[in-house]
Amino acid sequence: MTDIDRRTGRVITGWPEVEQSLQVILTTEVGERVMRRSFGSRSGTLLDRPGNAVTILDHYVAIAEAIEPHVVNGRQYGEPRFDLARVIPSGDESGQFTFELVGLYYPRGHLGDFSTFEAARAVVALTEEATATA
């Protein structure tokens, strides 16, 4: 697949395109897109909660639900080219959560071909600014 980089305007393909897709999915609130109400993540609703173990676990679940490939009313959502294995959280004193997503990248996963893969890592920052620019 091919896409346009949101920051530079250049054409991107392969893993960089999947990283951008993950960032868009996780920083878009479910219901925000009018014609794709099931697209996105509910991580935005967790931003004002305390940074405790329960909130971190809720973020894990929201991330996994959002990027897991699924079909709603005949439309595919999620990211079929990435199979999530681990989520590694980190945070700072300003309250910014950063999650490192570890898993397998399937270059042809969107076509249903999972025979070729490679290990991959993506870092997603979940902040008020990140969700506002999605």
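This report describes helices, strands, ring pairs and salt bridges in a predicted model.

## Basis of the model

Local features in this predicted model need pLDDT of at least 70, side-chain atom pairs count only at pLDDT 80 or more, and totals for chains, interfaces and linings use all residues. Residues are numbered from 1 along each chain as its sequence is written, and side-chain values use heavy atoms, with hydrogens and water left out.

## Helix 1

Helices (H or I, at least four residues) and strands (E, at least two) are DSSP runs, numbered from the N terminus. Helix 1 covers residues 15–27, and its end C-alpha atoms are 18 Å apart. The expected span of a helix is 1.5 Å times one less than its number of residues. For the 13 residues of helix 1 that gives 18 Å, which agrees with the model.

A residue is called buried under 20% relative accessible area, exposed over 50%, and partly exposed in between (1.4 Å probe, protein chains only).

## Strand 6 and its partners

Strand 6 (residues 97–105) has seven buried residues out of nine, so the rest of the structure largely encloses this strand. Two strands pair if DSSP finds at least two bridges between them. Strand 5 (residues 82–91) pairs with strand 6 in the antiparallel sense, over nine bridges. Strand 7 (residues 118–126) also runs antiparallel to strand 6, and nine bridges join these two.

Val-102 shows both pairings. Its opposite residue Arg-86 stands across from Val-102 in strand 6, and in strand 7 the bridge partner of Val-102 is Arg-121.

Val-123 is found in strand 7 and is exposed, at 54% relative accessible area. Contact means heavy atoms within 4.5 Å. Not counting residues up to four places away in sequence, Val-123 touches Gln-23, Thr-98, Phe-99 and Glu-100. Val-123 and Gln-23 are 100 residues apart in sequence, with 8.4 Å between their C-alpha atoms.

## Aromatic pairs

Rings of Phe, Tyr and Trp (its six-membered ring) pair if their centres lie within 6.5 Å; planes under 30 degrees apart count as stacked, over 60 as edge-to-face and the rest as tilted. The structure holds four such aromatic pairs. One of them joins Tyr-106 and Phe-117, whose ring centres are 5.8 Å apart and whose planes meet at 55°, so the pair is tilted. Tyr-106 and Phe-117 each lie in the loop between strand 6 and strand 7, so the pair ties together parts that are 11 residues apart in sequence. Tyr-106 is buried at 11% relative accessibility, while Phe-117 is partly exposed at 48%.

Ring pairs also link Trp-15, Phe-82 and Tyr-105 into a cluster.

## Salt bridges

A salt bridge is a side-chain nitrogen of Lys or Arg within 4 Å of a carboxyl oxygen of Asp or Glu. The structure holds six of them. In one, the closest N and O atoms of Glu-65 and Arg-42 are 3.3 Å apart. Glu-65 lies in helix 2 and Arg-42 in the loop between helix 1 and helix 2, so this pair ties together parts that are 23 residues apart in sequence. Both ends are partly exposed: Glu-65 at 45% relative accessibility and Arg-42 at 32%.

Arg-81 and Glu-79 form another salt bridge, with 2.7 Å between the closest N and O atoms. Here Arg-81 is buried at 5%, and Glu-79 is buried at 3%. Together with Glu-17, these two residues are linked in a network of salt bridges. Asp-58 and Arg-49 also meet through their side chains, at 2.5 Å from N to O, and Arg-49 is partly exposed at 33%.

Thr-55 lies in helix 2 (residues 53–67) and is buried, with a relative accessible area of 1%. A polar atom of the Thr-55 side chain lies 2.6 Å from the backbone oxygen of Pro-50. Leaving aside neighbours within four places in sequence, Thr-55 is in contact with Leu-46, Arg-49 and Pro-50.

Thr-13 is found in strand 2 (residues 11–13) and is partly exposed at 44% relative accessibility. The C-alpha atoms of Thr-13 and Pro-107 are separated by 9.7 Å, and the two residues are 94 residues apart along the chain. With neighbours within four places left aside, Thr-13 is in contact with Met-1 and Thr-2.

Terms used: Polar contact = N/O pair within 3.5 Å; in protein donor to acceptor, adjacent residues only side chain to side chain.
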